[in-house]
Structure formats: structure tokens, C-alpha cells
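Subject: A structure for you to look through

Hi there,

Here is the structure I promised to hand over to you. Have it open beside this email while you read.

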Amino acid sequence: MPKTTAYTASIEYISILDEQGKFDEKLGKGLITDEQALDLYERMTVCRQLDEFAFKLQRSGRMGTYPQNKGQEAAAVGSALALTPGQDWVVPSYRENAALFMMGLPMHYVLQYWMGDERGSQIPENVKMTPLSVPIGTHMLHAAGIGYAERIRGTKNVVATYFGDGATSEGDFHEAMNFASVLKSPVIFINQNNSWAISVPRDKQMASETVAQKALAYGMPTVRVDGNDIFAVKYAMDDAVKRARAGEGPSFIEAVTYRLGDHTTADDARRYRDPQEVEAWIARDPLIRTRKYLESKKLWNQAKDDTLQERAKTIVKEVVATAEGVSKPEIDSIFNAMFAEPHTELVRQRDTMRTSSLGKDPSQTGLKNTTQNV
Amino acid sequence: MITADLHPASIENVPQPDFSKPLPPREGDRIIQFREALKEAMSHEMRQDERVFLIGEEVAEYNGAYKVSQGMLDEFGPKRIIDSPISENGFAGMCTGAAMYGLRPIVEFMSWSFSLVAADPILNNVPKMLYMSGGQWGCPIVFRGNDGAGGQLGSTHSWCVEGLFANVPGMKMAIPSNPYDAKGLLATAIADPDPVFFLESERMLGDKAHVPEEQYYIPFGQARVCREGDAVTLVSFGRPVNFCIEAAEKLAAEGIECDVLDMRTIRPLDIDSIIASVKKTNRVVVVDQSWPFAGISSEVITQICERCFDWLDHQPVRVNTEDVPTPYAKGLEYAYLPNPERIAEAVKNVVNA
Ligand SMILES: Cc1ncc(C[n+]2csc(CCOP(=O)(O)OP(=O)(O)O)c2C)c(N)n1
Ligand SMILES: [Mg+2]
């Protein structure tokens, strides 16, 4: 028998609004209205300022470690625009703040969380998202399960989950992709390929040419897009959402972008990145690109931008004030969310702490409530 | 490069630790950080044993997420200092095979919290391999990384795995509390033919103390008496040992003298030293930074009750973290962990009862 071809595939790359500001009318028409484009630009700007402010907060000791989103805002807003807040889910990692805000999460939640207060993960009832996931990769399986639950409930809601290039090395990623495919779970896997996982470059993380091709093995539609182009992201996302809502299962989007900042405030990327590489990506900054687009359509000008920057500053200041204004948690609160009803041993531990009676039975000491906010 | 097939049991040409040799003095003026002490132990073993290599996330180019492997890539090259993809299950499993076939991997988990995604290799394979292969395949791996609350990292990043992992037979577990012991215990761990779980703490990596330049090997299963007293025995290991010493110093000013024992290894556990001390003081407080239920402190107290129940003048008491996930907020985290105030409170309640 002669050899035959068992399988061939190719991966499409989508770019609509390119680096030079050239716009592909054919693909881009009707994708994002002018009003929406203005809204996305404003949101990205606010997010960028939030990032800059958060960085300063950390440097002045007012916040713990914080991962800046700088440079990746387009992938977040372009994808979230295709989702319906209150219906669809976002299952995030930590580099898509703008998407969370579009889904309805009040901005101060993210700050409060990174300031070291778990109440920042008490997601408001009308917002369908899971808390930020710091163990790399583990949340993608949750997305597959949430999607399956939506299917079982008979809804048309979809689940978007975000993760980095590094995360695709975790076994969880592969298991999540397989499950979502086999179960036809309405999940959209959004890979923010920013080329780096802390200091590990993409070519040391994987030997495949694209991240997108990993999805081929799981039998799902997959595409690579310019992740700094809100139009390209929205285009791929619309496609994926349509399929998911129609019960056709998961899709994969590789959004090629770049982390303009450090991995987190605990990192200094200058130690391992070529400054020329960073320069090249600064030129592809999604904010600059979107702004140029708006200007070319006479929707934007310097005066408007100045006003926006001022407004963003005010918004961020308010957000920071809200986050910092939250009263410190009560010491007792560590025992409050353990079980539907706390068991006796836990109550005893709490009372021991309240009465400083380690080594004694707290009931013998007479309960003096010394609970404090710490 | 490895030149010959080396069975794990083969120790040709590699000098073995001589535990009969007295340890170098703890006092001196070669003051270095905990992290440097760890690096010295690894580098020394790597120089004399070509089977040893280091793998983990960020260990090479970045010199370690916590700078433990500073300079090691330069010295040993990328074949032996390996930046791994983010794939704990992958590299722990890969090293299982490498160890079975004669290499001596040192696996750095950026945090022990992340070893949970590698539960099968580290708990279900490595410690059982020798047993299940009828003594054919050992797994001389050192798994090391940060354990415990690193300082506001939130509950998923703040695991104390000792309570959970020490339950598994077939492995050893070392938990140093200071730079001197860190070097001597890690040297022993790497030279050890069995799997060793080596638990460090992000909060201690910058701690400084005198550390001898020469390589020395602290035998496993030998506690250190850090302070002598007759009022109560304080048993601890890892970071809280330092809190015990702090509490003991304050209590001494009030006339309460504590015997403070640093266990150094949990498996094997030097129960004889604990019993000897309890027979002297008749009171014991066990300080353990992991959760109370079925943990190390429960084990220690059980063994005390089994071995010297009649010597006790007060029920054994333990100071653990509370039975809740590690809180993220600063004040809550401090209150949740064993700290000098809580230890002193327990001691006073035990002594004044
Ligand atoms: C299971 C696990 N292993 C390791 C880490 C430590 N860690 C945090 S972020 C990170 C790199 C992630 O890179 P990538 O997935 O590309 O996302 P990016 O940070 O670039 O957005 C690593 C190794 C972790 N949080 N969880
Ligand atoms: Mg990345």
C-alpha cells in the first residue's frame, strides 16, 4: 500500500487593524461600531492607568504583588465585547482585568484582592465570573465544567477562559481541552500569548510553532489572531461564540500579544528581555493603535484624549480610595466561611483565639470577646 | 555528561557522607543567607557527583524565582541547570524516570503549593518505587521548595504540605529552621539514596547566620536542642522554631525556662530526644505551622502519650495554624500562624495550670 495522508491542517491568522493603522474593510465591516470602539478605547485607557497606579501603590507599600496587564488590553476588551454580561461566564487567570470590568466586576474588587483582602474575591451576584486563579492552568478545567453545567441546564450561555502561553504546558490545559471537546462544552479558550512566562521565553516553553495548533489535537476549531487588534480578536470571538451557542462545542483563540510590563511587581523584566524586543512591541501598543483608528475616523482628537486621561485619573483615584477605604477584616472572619454550619471543634478554636486560652478549655476562662480588626 | 549506566545504588567514585565526623562549629563569622547556604550545598554535591542536576521553573536564566540557584547556570551549564516548562506533573514525573535510571535530580518547586498538581509522581510513585519494584529501583530525588505562608500570598500559595505528605511511607522529610542546618541537611538530602522532601520557607531565605564553607552532612533523625530549660518542652521544626526561641527568651525573663527542640527532620522523627526532654520537664507544647487535624503535632503528641504518659503533669498542648485556609490579609495571616505571642500564651497556660 502506498503511503497516504492521514491528516492535514492549517491555522488561519487574522489581522484587521494592523500596526500601521491599515484597516481591512472586508473583514472588519460592522464588527465594532464607532460607539463601541470609543467605549473600548476608554476602557483600555482606564485600565492602563489603573495598572500604572497599582504599580505605584505596590512600590509605596500600599499593595502586595500585582501583575500589570499593560499591553494586553485589546485581547481582553475585544473578546469580552462578544460576551453578554450577566449571562456568559469569564473564568480568568490574572491578566485580563478589562474583560472582568466589562462583565460587571466593580474595579475596586481587583485592587482589594491584590491588596491582600479575600473579600475582593466575593464576586457580586449578577457577575458571572470565578475569582482570579493564581495556580497556573487549574482554572481551565473549571471552565470546561461550568460550560458543561450550562449545557445540562439547557442554556445558550458560553464560557470564556483566559490563560497565558506558559499555562499551555500544564497537564490541566490539555485535559481541559479534551474534556471540553468530548463533552461539547461551550467554552472559548482564549490564550494570551505574550511570549513570556516570567523569564521563560515561548521557544523554551514549547516547540510548536503556534499555540493555536495545540487545539488541533483536541478536534476544535482554532485560530491565531493579532491580539493587539480589537477587531481581529472580536472577529475570532464572534465566530467562537456563535458555535458555542449553537451547541457545537469549544473553540480556541491564540491572541498574539506582549506583556509590556514586568511579570508582576516582584519581577524586573529588564534582566532577561532584549530592550529592542520591548521597543518593537511598544510600537504595537493596542492603545496607540486604537486611538489612531479613532482619529482617522475623526472620532477622536488630542483635546478629547486629554479629557479622557483626566477622567481616567479621577476614576482610578476613586477606585483606589474605595479599595483602601474598606475596613480591615475581623480576626473572627477566618472561621466564618468554612462550612454551612461551623462544627464544634472550629467553634472551640475560635473561642480559644478570642479568649487567648491556648492550652486551656476556653469555656473555663469565661468568654471575653476580644475580637479585633487586624 | 553521564558516562556509564549508573544504578541508583551504585556509588562508585562518589564520596559518601561520613556521619561519624563531628560537625563544624555553628559559631563563626562567615555570615551568609539561607538561600546561599542552600546553593552551596547543591553546588558542592554537583561538583563531586555528576549524576546530580537541578530542574524547575526559572531555576536557570533567572537564577531561581527566589534566587536560590544564583550563578549555578554559569557554573554547571544548561544540561544540569534546567529551566522547565510550567509543568510540575511533567518534570516531577520525568525526574522519577531519571532517578530510576541512575541520575540524582534536585527538583525545585517554586512553591510546595504547586507540587499539588504533581501529586501522583511525588506521592504515588516516587516513595513507593523501591518497594513496588522489589528493591530494584530507588528514586533518589530531592524535591525542594518554599513551604508555608510566604507572607500574604493567599491560601492557594501558602501550603504547609508536611502534615499531608509526611503521612506517606517511603520518603524522608527535612525542614530546616536556619542557614547552618539548611546547608548540612540539604547536603545529606542530595547524598541520600532515598527520596527526600526538603521544605524551605520564603520567609527565611534572607535569614543570615554563620555557615561553614566546607561541606558537612547533618544526619537525619537528630533533633537539636536550641535552648535548655526545665519548665516545659517546646517541640517545633522549620520557621516556627525561631518563634519558639523568641518566646522562650521572653519567658526566661519571667522565670520560665523552656527546653526548645528543633526536630530538623520529620521523617525520620527523633522521638527519643523528645521523650528525654519531656521526662525532664513533664510538660510539652508542640508548635507546628500546619493544620492541626491528623498533622505532625498530633503524631508527636500521640507518640509522647504512648511512650511517657505517666511522666506528664499537664495534658500535651499544641499550637497550630487554625483549621482554615491561610488568610490573605496581613493581620489575619499573622493571627492564624503560630507566633511568639501564641506560643508564650500556651506555655504560660501549661506552666501555671
Ligand atoms: C501551578 C503553578 N506553577 C507555577 C506557578 C508560578 N507562576 C506564576 S505565573 C507563572 C508564569 C505564567 O506564564 P503564562 O502562563 O505565560 O502567563 P503570563 O504571566 O505570561 O500572563 C508561573 C510559573 C503558579 N502560579 N502555579
Ligand atoms: Mg505568558
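Below is what I found in it, going from the overall picture to single residues.

Please keep in mind that this is a predicted model. Its scores are ipTM 0.78 and pTM 0.88. For chain B, the mean pLDDT is 94, with 97% of the residues at 70 or more. Residues 1-9 of chain B have a pLDDT below 50, and this stretch makes 14 contacts in the model beyond near neighbours in sequence.

Let's begin with chain A. It is split into domain 1, residues 12-325, and domain 2, residues 331-365. Taken over C-alpha atoms, the centres of these two domains of chain A are 42 Å apart.

Next comes the place where the chains meet. Chain A gives 37 residues to the contact, and chain B gives 33 residues. On the chain A side, the elements that supply two or more residues are α7 (171-182), α8 (202-205) and α13 (344-355). Which of them gives the largest share? That is α13(A), with three residues. Sorted by class, the side of chain A that touches chain B holds 17 nonpolar, 12 polar and eight charged residues.

Ligand 1 also sits between chains A and B. Around this ligand there are 21 residues, and the closest are A:Ile136, A:Gly164, A:Gly166, A:Ala167 and A:Ala197. The shell around ligand 1 is made up of 11 nonpolar, five polar and five charged residues.

Now turn to chain B and find strand β5, residues 142-146. Why is this strand largely enclosed by the rest of the structure? It is because five of its five residues are buried. Strand β5(B) has a parallel partner in β4(B), residues 104-109, and four bridges join the two. One place to look is B:Ile106, whose bridge partner in β5(B) is B:Val142. Strand β5(B) also runs parallel to β7(B), residues 196-200, with five bridges between them. There you can find B:Phe143 opposite B:Phe197.

Two single residues are worth a visit as well. The first stop is B:Val287, in strand β13 of chain B, which covers residues 284-287. Is B:Val287 buried or exposed? It has 26 other C-beta atoms within 10 Å, and 20 or more is the cut-off, so B:Val287 is buried. Leaving out residues up to four places away in sequence, B:Val287 touches B:Leu234, B:Val235, B:Ser236, B:Pro240, B:Cys244, B:Val319, B:Pro338 and B:Ile343.

As for A:Arg48, it lies 21 residues from A:Asn69 in sequence and 7.6 Å away in space, C-alpha to C-alpha.

Happy exploring, and write back with any questions!

Best wishes

Note on methods:
Residues numbered from 1 in each chain as written. Chains lettered and ligands numbered in written order. Predicted model: local features only at pLDDT ≥ 70, side-chain atom pairs only at ≥ 80, totals over all residues. Domains from an automatic or database assignment. Buried ≥ 20, exposed ≤ 12 C-beta atoms within 10 Å, placed from the backbone. Pairing = 2+ DSSP bridges. Near = placed C-beta within 6 Å. Nonpolar A, V, L, I, M, F, W, Y, C, P; charged D, E, K, R; others polar. pLDDT = per-residue confidence, 0-100. Contact = placed C-beta atoms within 7 Å.
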